[in-house]
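Please view the model with the sequence alongside.

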Amino acid sequence: YSEATFNQKTETFLRCLENAYRHCGGVPVTTTPDNLKAAVLHPDWYDPELNPKLASFAAHYGTVILPTKPKIARHKGRVERWIDFVKHALKGRSFASLAAANLFLAEWEKNVADTRIHGTTRRHVDQHFLAVEKPALQPLPANIFPSFTEGKRRVHLDGHVEFDKAYYSVPPEYTDRDVWVRGESRLIRIYTLKMEPITVHA
């Protein structure tokens with residue numbers, strides 16, 4: 001599965017992952033992203049710090065996030081080869097819109113990429129997926145991952161944090177400390193930086 005986007009923001013990245021899971025009809029036990037900022041805040045060999053939104057996404061879908069190890073090319077070699085393959089398909093082409101580009105990619109995958117014999121497995125790509133890989137996928141959850149915005153904020157000396165041009169109170173022991181604020185459709189949730197709940201506001 002491949003998808004063209006205008007940016008690599010966390011929300012965009014998660015929607016692409018979600019689209020890939022739903023396209024494949026299931027969720028892998030592990031998901032291995034590169035160390036892009038949308039996924040990993042601080043790459044580390046043993047204990048990478050995931051973007052909290054990606055961690056919530058992984059919990060929703062029941063997958064374990066295992067980022068590639070920094071500066072170890074062999075951990076992402078096959079993925080990089082796929083990127084080259086997609087770039088070759090797009091080379092010299094222009095599209096009137098992002099939707100047109102993604103429609104082309106969907107058709108190309110169905111009629112070209114999925115019909116080839118894979119260089120490593122020596123098997124027909126689509127047949128191998130249906131026979132071996134798809135049965136190993138976990139079921140999709142009933143609902144898609146909810147959309148929200150979030151970020152780190154400093155609690156002001158008056159005991160409030162600013163988020164989306166409004167102010168929300170925080171218990172006094174957090175004054176002048178950093179907290180994590182998540183804005184959902186109807187609620188504002190405030191956490192410690194370890195994602196321990198502090199308070200909730202309407």
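Helices (H or I, at least four residues) and strands (E, at least two) are DSSP runs, numbered from the N terminus. The model is predicted: local features need pLDDT of at least 70, side-chain atom pairs count only at pLDDT 80 or more, and totals for chains, interfaces and linings use all residues. Residues are numbered from 1 along each chain as its sequence is written, and side-chain values use heavy atoms, leaving out hydrogens and water.

**Second largest pocket**
- β2 (40-42), β3 (49-50) and α2 (52-61) each give at least two residues to the lining of the second largest pocket.
- Among the lining residues are Leu41, His42, Glu49, Leu50, Lys152, Trp180 and Met195.

**Threonine 31**
- Threonine 31 is part of strand β1 (residues 30-31).
- With a relative accessible area of 9%, threonine 31 is buried (buried means under 20% relative accessible area, exposed over 50%, partly exposed in between; 1.4 Å probe, protein chains only).
- Beyond neighbours within four places in sequence, threonine 31 is in contact (heavy atoms within 4.5 Å) with Leu17, Tyr21, Thr63, Val64, Ile65 and Leu66.

**Loop between β6 and β7**
- Aspartate 164 sits in the loop between β6 (160-163) and β7 (166-169), and lysine 165 also lies in the loop between β6 and β7.
- Aspartate 164 is not a glycine, yet has a positive phi of about 55°; its relative accessibility of 66% makes it exposed.
- Lysine 165, likewise not a glycine, has a positive phi of about 65° and is exposed at 79% relative accessible area.

Terms used
On a 1 Å grid over the protein atoms alone, a cavity is a set of points where a 1.4 Å probe fits but cannot get out, and a pocket is an open set with protein on both sides within 12 Å along at least five of seven lines; lining residues have an atom within 4 Å of a point.
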